[in-house]
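Visitor: I am new to reading protein models. Can you take me through one, feature by feature?

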Amino acid sequence: MLLKSILNRVQFHSGFVYGSVRLVEKSARLLLEIEIRPRKGSRPVCSVCCTTGPGYDSLPVRPFEFVPLWGITVFFVYAMRRVECPRCGTKVERVPWAEGKNHLTTTYAWFLAKWAKRLYWKEVADAFQTTWDNVFCS
Ligand SMILES: [Zn+2]
């Protein structure tokens, strides 16, 4: 079973599709970068009022940390679109996997928060190769 099939089963986001998956080595650490693209024909949603509108442009690609797999840090990489909202003007789109400017996916934040109830926050950070701040924010 492909990783994309598993993600579509556990993290399906209508309006978006999973693209290429790359295994990258950075600073002697393995990272899994999973590209996300807007589904063809989908319109971006305004992050302020949740109205859909025409796309304006795209921002540079940005990583969102997801739950690690086999001890490998996982990032969703996505170029946020800006939406031409009829009410609010030009705003960055709302994405279903993260809130606001958070670089952690909502799923990963809940995952860390769940573990932080059982272990010391430092232990959680070490176990999942993330920072104490990420655990604290979760
Ligand atoms: Zn709006």
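Visitor: Where is A28 found?
Guide: First, the general idea: strands (E, at least two residues) are DSSP runs, numbered from the N terminus. Here, A28 is found in the loop between strand 1 (16–26) and strand 2. A28 is not a glycine, yet its phi is positive, about 60°.

Visitor: Is A28 buried or exposed?
Guide: Buried means under 20% relative accessible area, exposed over 50%, and partly exposed in between (1.4 Å probe, protein chains only). A28 counts as exposed because its relative accessibility is 74%.

Visitor: What should I know about the model itself?
Guide: This is a predicted model: local features need pLDDT of at least 70, side-chain atom pairs count only at pLDDT 80 or more, and totals for chains, interfaces and linings use all residues. Residues are numbered from 1 along each chain as its sequence is written, and side-chain values use heavy atoms, with hydrogens and water left out.

Visitor: Which strands does strand 4 pair with?
Guide: Two strands pair if DSSP finds at least two bridges between them. Strand 4 covers residues 72–85. Strand 2 (residues 29–38) pairs with strand 4 in the parallel sense, over five bridges. There, E33 stands opposite F75. Strand 3 (residues 55–69) pairs with strand 4 in the antiparallel sense, over 10 bridges. In that pairing, R62 stands opposite Y78, and V61 has A79 as its bridge partner. Strand 5 (residues 89–92) is also antiparallel to strand 4, over four bridges. R82 stands opposite V92 in strand 5.

Visitor: How many residues lie between the strands of each hairpin?
Guide: Strand 3 and strand 4 form a hairpin with two residues between them. W70 sits in that turn, with a positive phi of about 50°. Strand 4 and strand 5 form a hairpin with three residues between them.

Visitor: Which residues are the protein donors of the zinc ion?
Guide: Donors are N, O and S atoms within 2.8 Å of the metal (3.2 Å for Na, K and Ca); water is not among the atoms, so sites may look incomplete. Here the donors are the SG atoms of C46, C49, C85 and C88, lying 2.2 to 2.3 Å from the zinc ion. Along the chain they follow the spacing C-x2-C-x35-C-x2-C.

Visitor: Why is the arrangement around the zinc ion tetrahedral?
Guide: Four donors count as tetrahedral if all angles lie between 85 and 135 degrees. The ideal angle for four tetrahedral donors is 109.5 degrees. The four donor atoms here subtend angles of 101 to 113°, so the arrangement is tetrahedral.

Visitor: What about C50?
Guide: C50 lies in the loop between strand 2 and strand 3. C50 has a positive phi of about 65°, although it is not a glycine. At 44% relative accessibility, C50 counts as partly exposed.

Conventions: Tetrahedral: all angles 85-135°; square planar, octahedral: opposite > 155°, others 65-115°.
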